[in-house]
Amino acid sequence: MPALIRFDRVSKTYPEGDAPRVVLREASAEVAAGEIVAIRGRSGSGKSTLLNLVAGLDSPTSGDVWLGDVAVNRLSPRERTLLRRDRMGFVFQFFNLIPTLRVLENVVLPAELAGRGPRAARERALALLDRVGLASRADAFPDRLSGGEQQRVALARALVMDPPLVLADEPTGNLDDHAGEVVMQLLDEMTRAAGKTLLLVTHSREVAARADRVLTIEDGHLVAPR
Amino acid sequence: MLPRTLLATGLRDLLRRPLHTALLVLGVALGVAVVVAIDLAGDSARRAFARSADAVVGRATHVVLGGPSGVPVAAYRDLRRHESVQAAAPVVEATAVSDTLGRSAVRLLGVDPIAEGPFRDHLGGGSLRAPGFGRLFTEPRGAVLSATLARRHGLGPGDALSLRVDDRRLELRVLGLIETAPDRAAALDGLVLLDVGVAQELLGRGDRLTRIDLILAPGASPAAIAAGLGPGLRVAPASEQAETAIQLTEAFHLNLGALSLLALVVGMFLIYNTITFSVVQRRAVFGTLRLLGATPRQVFALILVEAAAAAAVGTLAGEALGYVLGQGAVRLVTRTINDLYFVLAVGDVPLTAGVALPGALLGLGAALLAALPPALEASRVEPIAALRPSTYESHARRLLPRLASAGALLALGGGALLAVTDGVPAAFGALFAIVLGVALAVPLLTATFAARAAAPMGRVAGALGRIAARTVERSVGRTGVAVAALTTAVSVTVGVSLMIASFRATVVNWLELTIRADLYVGAPSGGGVRATPAIDPQLPARLAALPGVEAIETIRRVRIASEVGEIALGASDLGAAGAGLYRFAAGSDPDPWARVEQGALIVSEPFAHRHRLAPRGASVLLQTDRGRVRFPVAGVFYDYSTEEGLVLMGRATYERHFEDRAVSSIALHAAPGVDLDALASQVREAATGRALLVTDNRSLKREAMRVFDRTFAVTHALRLLAVVVAFVGVWSALMALHAERTRELATLQALGLTPGLLRRLGLLESGLMGALAGLLSLPLGALLAAILVDVINVRSFGWTMELRLEPGLFVQALAVSLAASLLATVYPLWRLSRREVAAALRQE
Amino acid sequence: MSAARSLALAALLAVASCGGPGGPEPAPDRLDLGGADDLSGFARATAPVPLRFAEDHGPHFEYQTEWWYWTGHLADGAGRAYAFQFTIFRRGLSPGPPPAGPGLRTNQVYFAHLAITDEHGDRHVFAERWARGAAGLAAAAAQPFRVHVDDWEATGLDAAGAVRIRARHADFGLALELAPQKPPVLHGDRGLSPKSDEPGNASFYVSLTRMSAHGRIRLDGRELAVRGESWFDHEWSTSALGPDAEGWDWFSLQLDDGRELMFFVIRRRDGGIEPASGGTLVERDGTTRHLGPRDVLVQARAHWTSPGTGARYPASWTLRVPSERLELRLEPLVADQEMRTSIVYWEGAVRVDGQAAERPVAGRGFVELSGYHAPMQGLF
């Protein structure tokens, strides 16, 4: 399968006062389209950094990050915004739902920002909510939902624009085992079924086990598990 | 541009933060309310004045005016027969104070009921058919009032009405009431009408009128008519007197307007701080929005929409509040105008579109303007902020030097402007530029100062001291703004306080110099600066004859026409003694008083400044009873009694050129050892039956200072406002600061920072900020004061004032700065100590 | 914003002007002085008093109302006919003369009427003046005789009652010298002329019924030398009219047989006539005969309605005095001789012709019609 994501000798150093912190050292890796890849590593090892680089939220100190045939780090901020909007879905550890929007509105938001017709967006959002089992909570505000429920809403939101790539940063980090299991199950099914690529950052063995492939960051390099 | 859901994100946030939204609304409401209130007051005062001027002038096209003695009836007789005169009406006018009408000043208007028809309708176009009409003529003390005025004081036909005019007590009787349409009632408020002949008799005017109203035939030439009158009379357009009076209050209205704009600025500051704080708190949400595809422009617009929504509510509240405040403001404004300038009675105070609309536009505009910087900040939030807090500080720190250089440039530019230009608006502009310039440089100074303070603070307060200093330095994006706000507010306070103190000291010195007699006799009958009460010319001699009186001096104050318009003229019979009472500005004649004895004039500083007269070689053309005469000016003297300016001549000169022989006030010097109270009683006895006020030296000085203090009472509000601003500035900066530092502080708490130590840390931080602001405000405040005293005051009025840098005020400034800063810490600290450690740490 | 306001205002005005001819007038102020005039201090004409001239040509300040009234017929060099009326009225607001003093304090109010009729031009011009009696604005004095309102004045030339009268307004005016040809006529009972049956409702009424007149009049700015004859009336009273009186018709005629006739009819509100109505016939030698209400029969033969005020006046008359075998027809020189002044009345020059004891007789006269526009009650 062709590589959707390619890290080409990516280095990332954070200048923190007098002692810069090197997070990635000439890391290279490839992710094929449709693959589910988990990235593991210790806290502060740079797992999230990798995700941020793919999403164009951060720029490498050197090296390129390719998404298809586009070098994400060379795009303008506006191009990156559009790229994210149209081709990526995000699931975060802390859910990042907009507290002042209802559940349905949260899910619909990316589509509205992209200029999709309100009715079509609503229908799609409701369908997704139904798929994650929360259609009945469409009018509730996020603070009324449990952690697991919020994450499921976030999942629906991530998929509302039908992006080919889903990026998940510690999706179960804030959930108990059962809720985490439910969310992972949904994430797995919904991405696999649609042939989407899923790049998953986690420190959980169980979560990583669902992936097709696991990459580990050690000492700034990406290595395959032994 | 803003999809519905995106809008909901912002607008619902307003509803979820009632306190924050309330502050926003308050900020707008405050600004709008003050603008509207003051605008309302000024607008009402102006309209009331126009109405009352109309009521007095009526449909006259021109008026015949004379000198202090008025216009002889013979002129009226002749004008009635003049072919260019379509109608003429004799008028006697005087200002009076009435106890029956609540001690307010009123205008007495003596008119001829049968000549009034073409001019004014107050007498209902009376005719012989009207029952009782004749009583206006025949009752020796009959008067007529508007029904509204009468009912307000419980007066009806037949009731007594006591008045004091000049030095006379009048007991009038209410003959009848004028019923007017409600919208005209205000015009007649404050007027007491009499028959003109009765008025002449009661006021002892002989055959003199105050003026003759004319309606000239179209194409008539006022100059031709004037040529046929005596040398002391002139024909002026009917609107001239009203225009003169309005000009007197222009400066007053300008100052009020400036004050209202200041309130708006304060409101804007409140809005800026509040929105900034909410932006800081919602950084993660903005990051998420950006991540999900919102453009920076959309986020920018969202903040502005939030601000506009709150501003809309705030504007409505402000208009309502402003209307209520306006009622009170009207009373204050009216009272001041009455005190200082002329009689004014304001009836209703409606909120017209002309006042409401600008207030609303200003409110909305100011809110949007104040929301711009935080909106910009919000739009610059990177999507990555969704995951992790800000890079704001580094961004801010890069800006500091540039900001400081811009500030320095601005301040220098202001200084240059001051040096190069001449006028008052330029001076205010320069002042503003200097203050703003320094404010822009303060953040850099804060960072630098805080960095250098780390070590000494560590020595004094241990680790906490160092942390406090470093925090102030590192978060200079927040702390710098707080210190800048505090510095600006306190230095403005210091500057204005110093200016007022200097002015006050100058006035006190001047009073010491000029008020030297033991007793003063005057006839206060209202009307402010345009009143010219006349005391019986026989009285000075009678008083001089009293045992115990060593010497008397009299002064006559009148208003006459001159080549520069209507002016205040004083005639003094001081003789040689006068030399000691007046101090002259440089450039005056070496012995001005001797020249005065010979017939020259001396003018006060504001007069010379206003009319651009050199101290020497200048001359002024005055309209005297003998015609127009040009008088040389011998010198410019210091006088602080009126910003309009005063012209002084010797009594002998006055009597040579004018027929008037009255005096306006008498100063008595007691012989040594005489009991002043006893002498005062004797004086009062000698003046039995007259409405005279006898004041002693000390009381007079006290009263003068009371008027001075009352005039500047408004600035107390200004200073209070400044302190409130400072407080708010520090408070919201600290709130924003803590919101950004929660993680760091939580870490410290986990490491063992007890709530008590946390409080100490907070106090150390704000104490440092307060101290810095206080120190910076001292030189800035002194500079402001210097500009106010030596530039703005001089350019506005021409007064010489000595700048006094009273140390007490500086100490006060430091104290206020520290206090505001420390107090502002209380709530943010309290909130902070209640947050859960775990929740904050979770972001790791 | 001011543009918006002017637009709104313009719209408002447009709507308002559509509503009708001119908007509503702003309500004038109303002055309520309460109570009627107190007439108790004034003297009333209750009994005849000896009248002396020239003093009694002057003012009588104990009485409330007074007037000096000159009318006359004039002809210019070309023989064209003119007529004039010049009257000065005095109204006392309290009994007694005005207070002395340099100021405007007074208890007297004066007003004056001037009118000129131009028969050839078929027009009538009039003017009015008001002034208070103080400070030389208006005054009345007996010796020397001078009555004036501003610069409209009548100045005595001799003790007999000769006067110079002068008045001017805009482009018309007069300056005439009048000299009496007969002694003063005392109407009624030695000058006491009752106006109703109530004692006190009367006036003192003196006339100079035939005076020569010469001088100049001014019309359209042009001056004309004129001569003719004039009639002088002087009345003073306090509330002369009875309570039911509405107005009067007054006639003064100068006949070419050397006689004069004065006759007045006081009309009542109920349509009747005051029995006190009457008049005087003056013979060539100046002797007089009192005429009662039934001695003279007056009949109006036509009417004229004023386009200016809408009042309807009688417009020509037949006047018969059976005891003298006089039958006269009176025709106004000009139809509209209405005085549209503060008080509205018709005062017009008339031509007289008819028969006196079967011999033709002609003459000139003046007719005064009051109370046709508004009742005279309360004023006089």
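Among contacts in chain A (heavy atoms within 4.5 Å) between residues at least 6 apart in sequence, 72% join residues at least 24 apart. The model is predicted, so local features need pLDDT of at least 70 and side-chain atom pairs count only at pLDDT 80 or more, whereas totals for chains, interfaces and linings use all residues. Residues are numbered from 1 along each chain as its sequence is written, chains are lettered from A and ligands numbered from 1 in the order in which they are written, and side-chain values use heavy atoms, with hydrogens and water left out.

Chain A contains 7 helices and 10 strands, defined as DSSP runs numbered from the N terminus (helices H or I, at least four residues; strands E, at least two). With a radius of gyration of 17 Å, close to the 17 Å that the globule rule gives for 226 residues, chain A is as compact as a globular protein of that length; the radius is taken over C-alpha atoms, and the rule is 2.2 Å times the number of residues to the power 0.38. Buried residues (under 20% relative accessible area, exposed being over 50% and partly exposed in between; 1.4 Å probe, protein chains only) account for 58% of the 226 residues of chain A.

Helix α1 of chain A (residues 47-54) is largely enclosed by the rest of the structure, because 7 of its 8 residues are buried. Among them are A:L50, A:L51 and A:L53. A:G56, which follows α1(A), has a positive phi, near 75°.

Of the 2 pairs of chains in contact, chains B and C share the most contacts. Chains A and C do not touch, their nearest C-alpha atoms being 38 Å apart.
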